[in-house]
There are 2 protein chains.
Amino acid sequence: MKVIIIGGGAGGLSTASNIRKYDKDAEITVITRDVNIAYSPCAIPYVLCGEVDCFEDIIMHQAEDYLDRNIKVITKAEVFDVQSQENKVKYYLKDHKEIEHELEYDYLVIATGGSPFIPPVEGTDLEGVFKIRTLEDGIKIADWASNSKKAVVVGAGLIGLEIAYGLKKRGLNVTVTEMLPQIVPRSLDPDMAQIVQEYLENEGINLILGHPLDKIIGNAQVECAVLGDHSIDADMVVLATGIRPETTLANIAECELGRWSIQVNEKMQTSIPNIYAVGDCVEVYDAITGQSTQSLLGSTAVRQGKVAARNIVGLNSEFIPVLNSVVSKIGKLEFGSVGLTKVSAIHNGIDVISGKIRALTKARYYPGAKKIDVKIVCNLKELIIGCQIIAEERVAERVDTMSLAISQKMTCSELASTEFSYAPPLSMVIDPIILAAEEACKKISRVNKKNS
Amino acid sequence: MKVIIIGGGAGGLSTASNIRKYDKDAEITVITRDVNIAYSPCAIPYVLCGEVDCFEDIIMHQAEDYLDRNIKVITKAEVFDVQSQENKVKYYLKDHKEIEHELEYDYLVIATGGSPFIPPVEGTDLEGVFKIRTLEDGIKIADWASNSKKAVVVGAGLIGLEIAYGLKKRGLNVTVTEMLPQIVPRSLDPDMAQIVQEYLENEGINLILGHPLDKIIGNAQVECAVLGDHSIDADMVVLATGIRPETTLANIAECELGRWSIQVNEKMQTSIPNIYAVGDCVEVYDAITGQSTQSLLGSTAVRQGKVAARNIVGLNSEFIPVLNSVVSKIGKLEFGSVGLTKVSAIHNGIDVISGKIRALTKARYYPGAKKIDVKIVCNLKELIIGCQIIAEERVAERVDTMSLAISQKMTCSELASTEFSYAPPLSMVIDPIILAAEEACKKISRVNKKNS
């Protein structure tokens, strides 16, 4: 069995490794345009802020390591044609563009990821304007930052904020701009976003919300970013304005595209049976709304790679709709979200209530107890459909607990009577999640009383 | 409505507070033999080890604080009779034993807790031999320890180990003895207990396993503890040999007792309809085996108090069978368990396999990543019935995640395809829980292949 995988990111390499796990004889070839493979793009901000020593640290494997597992990786190579009728791909090496190579496959896996969206405004081509996607982007930003004093980061999603904090820690004056009126709009409701915003402002990061980037001004090099009346002096601008799926090759192969990107079934199979697709270039279904959406998470790509691999080797496996479970750490603050926010629920026509509490991460008397904010979103039948958590510790695993609660279709009253572990240095005797669930129950019974 | 609650621990006070939450007019009286109420007995070891400053810190409320909520608390009072036919209790104040008091109730709640089990051996009445249950016990241990050099702690359950670590931190030479051949036998399998044991030994705590206490020798004061061939010099001995439910008053009231303690239905109601019972003095059902068992956890008592209160005020509420979810922190090490261990499953006649992994708490390259051990126990239909986790961080919330997985009757393959959050400073891209679930799946498919 010959398998060709286009793309050396989390999705492509997870597919390759998992096929090898189940089939020791498959001929597996990964073709990637990148120099480096198997690095963690999510870790770039943590190199910038100094928590991880250097960019080399976040490269987990070299192409040669894959050879040891009999997985061939062709780097710096551009696939320019997929002939899905003949089961062939054509590529050239970037250093020898003149020579065309051709490879046959039994199964093709498209894991082409996405590219940064560049806002269609003046000045994005100036020196000192950066996109953020690859390790090389990270290295360029770090290099330029070492001679910079003022940075503007456009986009207050997770990556934008993480990069902003990294640049601040490198001593720059940093302003984050966002066209929406709040930060992290995809994952946090305004009230919860406000808590993160205050933390960032206390860390000395400037925020300009509710203004789209109008243009970047400069003479060869960037000099300032303009948003409406705001003109912000800058010697560097980082565009963290989202990722667009890379579907060119899927298009050439004549795989069907959906609303956002490549359409796949629950086996990660495209409309062409022997072509699979995984990672940022495919669209997924939202577990709550049932609508197609984009996940754009490394952890999703890894799970999709496993599903694709199992189906390619003939084992059954299904990728289930996503809950958009995300978590981040900026400085000391952890925050995460799973399912729908209240705002997105309303936007999707779902009537909801929310239970929100501020509690502590340890017993009240325990030294070092931190405040923790939990917001649980339920529909009017008590079904939990979302949760947001913010604290200086112990957030990520609580988000995972809520991920299970939502996927198992638990109600807030069921959650409120669930058994949680307790020890004074580790938790409150009644867990903050339980307290938030109790708040949600109270609100629902009030709503139901009113309606009856 | 007149409610009398006997006992001022977690169960009694949770019942009182919850009744007040739902009914502002109920006459609520709590009668307790203790001086202090509303303290956290689980925190005593953390005062001993110095993480919490002093014993006063772990007292969360005074009797007067309850008066503010119109809950009357009578301290240092001994209830000596319950006349369940006449709905009356009789008590005296310890300082005035000669005066009998009588109170009538509409509902009685027995929350009499438990008393330390004292092994029936010679020498337990010597000076320098301590039980550990109340705040006063903690204070006595701390006082005596300040003039001691060598301590023996009998019993290697959670409390015994936590106390042992506390005494070690106070500079004593500490030996823990246990009659079973492993530590934490109720919550950890031998292979997982070994990891905790090594940590304790590295911290300089001596362990003697597989030997019951034969006797304590001394002349007025304790001089040594004898276990078979072992004779351990000691100027103090702490007996952490378990808790026996206090059922004397339930007996007097003619409530039915079960195998271990007071029998209650899912409403926390005893065999006498207007008498409820909560906390360490009642028996509960194990969610996996269906057998009656004892919980003996503060968090269980708190949940039971809420259920009893809701039923007393006429709201419906059920206490569900327990998963025995426990967690502890000793020094830097966190460890926890939920559901059955492999050993206890086998003991209960359940055929099981386990998936065990050692992974990391953060991305591999992230500074400060700690090793984490996860063991998931499943029956042969893939149903998860237990989990044990050990690491220097991020254990408690993962135990709670597994508590949900077990209560929701998830299979290991369902868990293995669940969405977990990911960020390099907070987790691995594939969560350790997922890795352990995958191991369990692999083992089950091997067993099933063999059997088919």
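A residue is buried if 20 or more other C-beta atoms, placed from the backbone, lie within 10 Å of its own, exposed if 12 or fewer do, and partly exposed in between. The views below come from a predicted model, in which local features need pLDDT of at least 70, side-chain atom pairs count only at pLDDT 80 or more, and totals for chains, interfaces and linings use all residues. Residues are numbered from 1 along each chain as its sequence is written, while chains are lettered from A and ligands numbered from 1 in the order in which they are written.

**View 1. The loop at A:A220.**
A:A220 lies in the loop between β13 and β14 (221-227) of chain A; strands here are DSSP runs of E with at least two residues, helices are runs of H or I with at least four, and both are numbered from the N terminus. Is A:A220 buried or exposed? A:A220 counts as exposed because it has 8 C-beta neighbours inside 10 Å. Although A:A220 is not a glycine, its phi is positive, at about 70 degrees. Most residues other than glycine have a negative phi.

**View 2. A:G218 in strand β13 of chain A.**
Strand β13 of chain A covers residues 215-219 and holds A:G218. With 19 other C-beta atoms within 10 Å, A:G218 is partly exposed. Beyond its neighbours within four places in sequence, A:G218 is in contact (C-beta atoms within 7 Å, placed from the backbone) with A:G123, A:L126 and A:E223. A:A234 is 16 residues from A:G218 in sequence, and their C-alpha atoms are 9.5 Å apart.

B:M268 is part of the loop between α7 (248-252) and β18 (275-277) of chain B. B:M268 is one of the residues in contact with B:A277 when neighbours within four places in sequence are left aside. Others in that set for B:A277 include B:V109, B:I110, B:A250 and B:C255.

**View 3. B:V237 in strand β16 of chain B.**
B:V237 belongs to strand β16, residues 236-239 of chain B. B:V237 has 26 other C-beta atoms within 10 Å and is therefore buried. Which residues does B:V237 touch, not counting those up to four places away in sequence? They are B:G128, B:V129, B:V152, B:V154, B:I216, B:V222 and B:A225. B:Q388 is 151 residues from B:V237 along the chain, with 30 Å between the two C-alpha atoms.

**View 4. The loop at B:Q85.**
The loop between β4 (77-83) and β5 (88-93) of chain B contains B:Q85. B:Q85 is exposed, as 9 other C-beta atoms lie within 10 Å. From B:Q85 to B:I272 there are 187 residues in sequence and 9.5 Å in space, C-alpha to C-alpha.

**View 5. A:S299, a residue touching chain B.**
A:S299 sits in helix α8 of chain A. It counts as buried, with 25 C-beta neighbours inside 10 Å. Apart from neighbours within four places in sequence, A:S299 is in contact with B:F420, B:Y422 and B:V429. The C-alpha atoms of A:S299 and A:V326, 27 residues apart in sequence, are 9.5 Å apart in space.

**View 6. The interface between chains A and B.**
Chain A gives 55 residues to the contact and chain B gives 56. On chain A, the elements giving two or more residues to the side that touches chain B are α8 (298-312), β21 (326-330), β22 (333-339) and α10 (396-407). The largest share, 10 residues, comes from α10(A). The residues on this side of chain A divide into 29 nonpolar, 14 polar and 12 charged; Ala, Val, Leu, Ile, Met, Phe, Trp, Tyr, Cys and Pro count as nonpolar, Asp, Glu, Lys and Arg as charged, and the others, Gly among them, as polar. Because 100% of the interface residues of chain A are also interface residues in chain B, the copies meet through the same surface.

**View 7. Helix α10 of chain A against helix α10 of chain B.**
The axes of α10(A) and α10(B) are 8 Å apart, at an angle of about 5 degrees. α10(A) is thus roughly parallel to α10(B), a label for angles under 35 degrees. The contact residues include A:T401 and A:L404 of α10(A), and B:T401 and B:L404 of α10(B). By class, this contact has 4 nonpolar, 2 polar and 6 charged residues.

Notes:
Two residues are in contact if their C-beta atoms, placed from the backbone, lie within 7 Å. Axes are lines fitted to C-alpha atoms, for helices over the stretch in contact, and angles run from 0 to 180 degrees between N-to-C directions. Angles under 35 degrees count as roughly parallel, over 145 as roughly antiparallel, 65 to 115 as roughly perpendicular and the rest as oblique.
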